[in-house]
Amino acid sequence: MQIYDLINSRLGYHPDGYLTWKVPPKLGPKSKKFGERAGWSRTDGYECVKLEGKTYKAHNLIFLLHHGYLPEIVDHINQDHTDNRIE
């Protein structure tokens, strides 16, 4: 499965700039639910999501979901690492 297909099948985008679970991972007693916010915030402000054992920065996944490809560098136009809105 290509990365776009994996991301698109498991995650959705919320207009407020975060990812939600379409297919939640099963993590034992702390299982996530459909529609729940995916990932966590690092101390440097970047949001991250773990899929298939690999950690991704949320802004990269959001760009990929909207544009279908991932350039070498994706960063925040307003320099706010917590702002992952596509615009």
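Colleague: Over how many bridges do S3 and strand S4 pair?
Modeller: In this predicted model, strand S4 covers residues 47-51 and runs antiparallel to S3. The number of bridges between S3 and S4 is two.

Colleague: Over how many bridges do S4 and S5 pair?
Modeller: The pairing of S4 and S5 is also antiparallel. Within it, Val 49 stands opposite Tyr 56 in S5.

Colleague: Which residue in the turn of the hairpin formed by S4 and S5 has a positive phi?
Modeller: S4 and S5 make a hairpin, with two residues between them. In that turn a phi of about 50° is found, and the residue that has it is Glu 52.

Colleague: Which strands stand at the edges of the sheet, each with a single partner strand?
Modeller: The sheet is open and has three strands, in the order S3-S4-S5 with antiparallel pairing. A strand at an edge has a single partner, so one side of it is left without a neighbour in the sheet. This applies to strand S3 (40-41) and strand S5 (54-57).

Colleague: At about what angle does helix H2 run to S5?
Modeller: Helix H2 spans residues 58-67. This helix lies across S4 and S5, and its angle to S5 is about 75°.

Colleague: What volume does the largest cavity have?
Modeller: Rolling a probe the size of a water molecule over the atoms shows where empty space is left. With a cut-off of 30 Å³ or more, the count comes to one cavity. The volume of the largest cavity is about 30 Å³.

Colleague: Which element gives the largest share of the lining of the largest cavity?
Modeller: The lining includes Tyr 18, Leu 19, Glu 47, Cys 48 and Val 49. Two elements give two or more residues to this lining, namely strand S2 (18-21) and S4. By class, the lining has six nonpolar, one polar and two charged residues. The largest share, three residues, comes from S4.

Colleague: In what order do the elements of the protein chain run from the N terminus on?
Modeller: The protein chain has two helices and five strands. Read from the N terminus, the order is α-β-β-β-β-β-α.

Colleague: What radius of gyration does the protein chain have?
Modeller: The C-alpha atoms fill a box of roughly 40 × 30 × 25 Å along the principal axes. For 87 residues, a compact globule would have a radius of gyration near 12 Å. The value for the protein chain agrees with this, at 12 Å.

Methods: Residues are numbered from 1 along each chain as its sequence is written. This is a predicted model: local features need pLDDT of at least 70, side-chain atom pairs count only at pLDDT 80 or more; totals for chains, interfaces and linings use all residues. Side-chain values use heavy atoms; hydrogens and water are left out. Two strands pair if DSSP finds at least two bridges between them. Helices (H or I, at least four residues) and strands (E, at least two) are DSSP runs, numbered from the N terminus. Contact means heavy atoms within 4.5 Å. Axes are lines fitted to C-alpha atoms, for helices over the stretch in contact, and angles run from 0 to 180 degrees between N-to-C directions. On a 1 Å grid over the protein atoms alone, a cavity is a set of points where a 1.4 Å probe fits but cannot get out, and a pocket is an open set with protein on both sides within 12 Å along at least five of seven lines; lining residues have an atom within 4 Å of a point. Grid points are joined across faces, edges and corners, and a volume is the space filled by probe spheres set on the points. Ala, Val, Leu, Ile, Met, Phe, Trp, Tyr, Cys and Pro count as nonpolar, Asp, Glu, Lys and Arg as charged, and the others, Gly among them, as polar. The radius of gyration is taken over C-alpha atoms; the globule rule is 2.2 Å times the number of residues to the power 0.38.
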